[in-house]
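Trainee: Can you walk me through this one? I'd like to go chain by chain and then look at some side chains.
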Amino acid sequence: MRRIVGQIVENRMLFLLVLLLILFIVFSFGVPGFFTFYNLTNMTQYGVELGLLAMAEMLVILSGGGGIDLSVGSMLTLVAMVIGVLIGRAGLNPSLSILVGLLTGVGMGYVNGVLVSYLRILPLIVTLASLYIYKSLALIVAVDPRFGPNPMPVSNFPETFYFVGQYRLGGIPFQVLFIFIPVILILWFLLEKHAFGRYLYGVGNNETAAFFSGINVRRTRLTVYTLAGFLAALSGWIITSRIASARPDVGLGYEMQAITIAVLGGVNIKGGEGTIGGVIMGVAIITLLYNGMQLAGIHQIWQLGSLGVVLVGSVLLNQMLLARRKF
Amino acid sequence: MKRRTLLRKREFTVFGLIVVLAVVFSLTTERFLSVSNLTNLLLQLAGTAIAAIGMTMIIITGGIDVSIGSMLGMSSVVAGKLLMGSAPVFSVVLAAMGVGLLMGLVNGFLIAYGKIPPIIVTLGMLNIIRSLLFQLLGGRWVSGIPPAIRVIGLGKWLGIPISMWITVILIVFFSYFLNSRSLGRAIYALGNNPEAARVSGVNLAKTTLFVYTVTGILVGFAGLIYVARTGIVQTNTGTGFELEVIAAVVLGGTSILGGKGTVIGSLLGAFLVGIIKNGMVLLNVPALSEGLVIGALILVSVVIDVVRARGERL
């Protein structure tokens, strides 16, 4: 028994898996309507948007040097507005608009990356500034001069636009099958099988050592910030399609939730440590928690509270159990 | 010695920017120099500046506190609720600061003794406190707060708002504290090199606990000022406040890596943000682009620093 507990404590993945199972069992028995095929698949739909942002935070935090991206929520919002305005107000072809939206995300991430890696400004400061800038741009883009000076949501999309966010294939939401799973597979390949992953963990663990082993530290960091922009853009596209509206406040506060999930998933805030499996587990736990609480009729605002409790509680429990084992 | 002159320069840059902006705004708008506008500016500044004192100390230790927005909201709710129940002003002041102290204590305890990174603890607390606050308010507003308290938010002495007097007193006190008291020096030592600080007899855990707790009290007081100034508390009171305060502190020259910074710098940083917001309103620049300007300013001021640091090395 001691050995099992010890293993669970030392292996973050196992720890999270146990937490996930406990939640799953509690909700299945305690909350009516939880353990149904429809609910379980429906739930994954919500996990995708936060999940993509959590992946973005994972990459950025892994790269070390104080890596963090406070601007993912703002990037998501600006992309949502760009796509919304191009389709809904300018009447542009949806595919083209989505492409422009995704490129906007890549561009914003690239700017963050250049400031962090080439101008050597600390990520917290860069992304704090870009949080303000991108949020502001989203508000400006959302203004429709025909209806006065205030930012307005866009919601007159053609039917085809709802495909990615609302359709299902064999009961499984489209965005899970065709966006989230491929993204995870690609990231998994990049981190675990490709040289890029070794560079990234190297840079995050010890920047100087990585530099002297010939790793291009700057380019590695630039790449992760750019990727973060792209992932935030994907999330912005999906969310716009799912809620059938592009809102200038859609991504508000998402950065904090995404960071929380990444850290819960075992990504070390100091960089260089953490796995994609752990973060997926973190996403699953939080999605399950949100869904279970919603079905149990607990007010939405407690979602955030429980997120905080799970985050602090899990790290604290881990810390305490580890400390006890040392005696 | 060299470090001090460098520090002074940084504050001087910010001060220079403030002067330039003030001149520009007073030439381009008629209302900028009016008493009512300047009073308004100072009133809005006080809360940010007071919270920035605590944030400066936290960042000097190498930490960060992103939960202060929720903390501000919570102490505002407590103060607002008590005032609606016509509690005496004195006890409301104590309660607001007491609630802040309690929240700061929890943060500090988890960071100092639980050995959890500050960003994780305060991220968690940001969400937990916001949920509790919502529960307390039940999704409604508190408005129509009795006027007894409003003197703290709107009252004046010698033509300057009382909240600004309090801010100035606090700034002077904490400047002295950080420069001349051993606990104050310990805060810098902790941020510069924790190991060296520990060896030279600094109690790291106690110093950490102290910094977060004091920040809690200061934010509690800022919450009180908020209630006193606006007379209203909503469920989203204080959201984004943490970013505004961090921006002020960073603009004021405190290094996010720790070990370096002054509360006067942060006061100037808060002034800079405040004056820009104010000027933009007067110039009829749409509020939408406020973030654009503040964000660009953070970047520009940091880039100036980077460039200047390179120049000095040559």
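Trainee: What does the secondary structure of chain A come to?
Mentor: Chain A has 14 helices and two strands. Helices (H or I, at least four residues) and strands (E, at least two) are DSSP runs, numbered from the N terminus.

Trainee: And what is the radius of gyration of chain A?
Mentor: The value is 20 Å, close to the 20 Å that the globule rule gives for 327 residues, so chain A is as compact as a globular protein of that length. The radius is taken over C-alpha atoms, and the rule is 2.2 Å times the number of residues to the power 0.38. Along the principal axes, the C-alpha atoms of chain A fill a box of roughly 70 × 55 × 35 Å.

Trainee: Before we go on, what kind of model is this?
Mentor: This is a predicted model, where local features need pLDDT of at least 70 and side-chain atom pairs count only at pLDDT 80 or more, while totals for chains, interfaces and linings use all residues. Residues are numbered from 1 along each chain as its sequence is written, chains are lettered from A and ligands numbered from 1 in the order in which they are written, and side-chain values use heavy atoms, with hydrogens and water left out.

Trainee: How much of chain A is buried?
Mentor: Of its 327 residues, 54% are buried. Buried means under 20% relative accessible area, exposed over 50%, and partly exposed in between (1.4 Å probe, protein chains only). Chain A exposes about 14,200 Å², with 68% of that supplied by carbon and sulfur atoms. Those areas come from the Shrake-Rupley method with a 1.4 Å probe; for residues, only the protein chains shown count as cover.

Trainee: What about contacts in chain A between residues at least 6 apart?
Mentor: In that set, 75% join residues at least 24 apart in sequence. Contact means heavy atoms within 4.5 Å.

Trainee: Now chain B. How many helices and strands?
Mentor: Chain B has 13 helices and four strands. A compact globule of 314 residues would have a radius of gyration near 20 Å, and chain B agrees with that at 19 Å. Its C-alpha trace spans about 60 × 55 × 35 Å along the principal axes.

Trainee: Switching to charges. How many salt bridges over all chains?
Mentor: There are seven. A salt bridge is a side-chain nitrogen of Lys or Arg within 4 Å of a carboxyl oxygen of Asp or Glu.

Trainee: Give me one from chain A.
Mentor: A:Arg242 and A:Glu49 form a salt bridge through their side chains, 2.7 Å from N to O. A:Arg242 is in helix 11 (residues 217-243) and A:Glu49 in helix 3 (residues 37-62) of chain A, so the pair ties together parts that are 193 residues apart in sequence.

Trainee: Are those two buried or exposed?
Mentor: A:Arg242 is buried, and A:Glu49 is too.

Trainee: What else is in helix 11 of chain A?
Mentor: A:Thr240 is one of its residues. A:Thr240 is buried, at a relative accessible area of 1%. Beyond neighbours within four places in sequence, A:Thr240 is in contact with A:Ala80, A:Phe157, A:Phe161, A:Ser245 and A:Ala246.

Trainee: Which residues form a network of salt bridges in chain A?
Mentor: A:Arg89, A:Asp144 and A:Arg146 are linked in one.

Trainee: And a salt bridge in chain B?
Mentor: The side chains of B:Glu244 and B:Lys277 meet in one, at 3.2 Å from N to O. B:Glu244 is in helix 11 (residues 241-251) and B:Lys277 in helix 12 (residues 263-282) of chain B, 33 residues apart. B:Glu244 counts as partly exposed at 22% relative accessibility, and B:Lys277 is partly exposed at 23%.

Trainee: Last one: where is B:Ile169, and is it buried or exposed?
Mentor: B:Ile169 is in helix 7 (residues 162-180) of chain B, and at 58% relative accessibility B:Ile169 counts as exposed. Its C-alpha atom is separated by 17 Å from that of B:Gly220, 51 residues apart along the chain.
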